[in-house]
Amino acid sequence: MLKPSLNELEKLAKDKHNENKKYFDKLKKRTPKNLDYVMQDLHDAEFKKTDCLECANCCKTTGPLFTSADIERISKHFRQKPQQFINQYLRVDEDNDYVLQSVPCTFLDNDNKCFIYDVRPKACREFPHTDRKKFQQISNLTLKNVAICPAAFNIVEKMKEKLPL
């Protein structure tokens, strides 16, 4: 299996974009009954050999959405009122969601560790979402994530082998 470098990843993802988009369109029309099981297996296998701390590209290039539960939990961790946390770290984006004021992530350390790992947002805990139930429903998100996450790229490539449509 490929282990694309971050430099190669964006180009590889761009080259495969149309192929992946067609694949995901077919997947939505003809979803295999075992899709969630296959995706869980592919996800688990990939993350047995992937160390996110070597990369952290997700934290360096994108920011998560912060739910109200995330804001409550993280502000409590900082011993702040939720509004103080929002004012200090977040902004409202064009979709009316709370996101980081800037990327790379404010909570990312020099060694790619997260300062708030134990209380990190749900979006961070679940990234790259390749083990999500009803995986076919998040194909647009997955198309974006293969350009950000080498593991997501590998999982989608394996998925196309395992579940040819």
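Visitor: Where is the place of P128?

Guide: P128 sits in the loop between α6 and α7 (139–145). Helices here are DSSP runs of H or I with at least four residues, strands are runs of E with at least two, and both are numbered from the N terminus. This is a predicted model, with local features needing pLDDT of at least 70, side-chain atom pairs counting only at pLDDT 80 or more, and totals for chains, interfaces and linings using all residues. Residues are numbered from 1 along each chain as its sequence is written, and side-chain values use heavy atoms, with hydrogens and water left out.

Visitor: What is the peptide bond from F127 to P128, cis or trans?

Guide: That bond is cis, with omega near 5°. The bond from V103 to P104 is also cis, again with omega near 5°. P104 lies in the loop between β3 (98–100) and α6 (122–126). Most peptide bonds are trans.

Visitor: Why are α1 and α8 called oblique to each other?

Guide: Look at the angle. Helix α1 (residues 6–29) and helix α8 (residues 150–162) pack at about 40°, with their axes 10 Å apart. The axes are lines fitted to C-alpha atoms, for helices over the stretch in contact, and angles run from 0 to 180 degrees between N-to-C directions. Under 35 degrees counts as roughly parallel, over 145 as roughly antiparallel, 65 to 115 as roughly perpendicular, and the rest as oblique. The α1 and α8 pair is therefore oblique.

Visitor: What is the hand of the crossing where α1 passes α8?

Guide: The crossing is left-handed. That label applies if the near helix is turned anticlockwise from the far one by less than a right angle; clockwise gives right-handed.

Visitor: Which residues in α1 and α8 meet?

Guide: From α1, the list includes L6, K16, F24 and L27; from α8, it includes P150, F153, M159 and K160. Meeting means contact, with heavy atoms within 4.5 Å. The residues of this contact divide into 11 nonpolar, 1 polar and 4 charged. Ala, Val, Leu, Ile, Met, Phe, Trp, Tyr, Cys and Pro count as nonpolar, Asp, Glu, Lys and Arg as charged, and the others, Gly among them, as polar.

Visitor: What makes α4 roughly perpendicular to α5?

Guide: The axes of helix α4 (residues 68–77) and helix α5 (residues 82–89) cross at roughly 95° and come within 8 Å. That angle makes the α4 and α5 pair roughly perpendicular. I71, E72, I74 and S75 in α4 meet P82, F85 and I86 in α5. This contact has 5 nonpolar residues, 1 polar and 1 charged.

Visitor: Which members of the largest nonpolar core touch the most other members?

Guide: F24, L35, M39, F135 and M159 do, out of 21 residues. A nonpolar core is a set of buried Ala, Val, Leu, Ile, Met, Phe, Trp, Tyr and Cys residues joined through side-chain atoms within 4.5 Å. The largest share of this core, 6 residues, comes from α8. Leaving aside neighbours within four places in sequence, F135 contacts residues including F24, L35, M39 and M159.

Visitor: How do you know whether F107 is buried or exposed?

Guide: Use the cut-offs: buried is under 20% relative accessible area, exposed is over 50%, and partly exposed is in between (1.4 Å probe, protein chains only). F107 has 4% relative accessibility, so F107 counts as buried. F107 is in the loop between β3 and α6. Not counting residues up to four places away in sequence, F107 touches residues including F78, F85, Y89 and L100.

Visitor: And why is D131 called partly exposed?

Guide: D131 has a relative accessible area of 28%, so D131 is partly exposed. D131 lies in the loop between α6 and α7. D131 touches Q40, H43 and E126, again not counting residues up to four places away.

Visitor: How does N112 count, buried or exposed?

Guide: N112 is at 14% relative accessibility, so N112 counts as buried. N112 also has a positive phi, about 65°, although N112 is not a glycine. N112 lies in the loop between β3 and α6.
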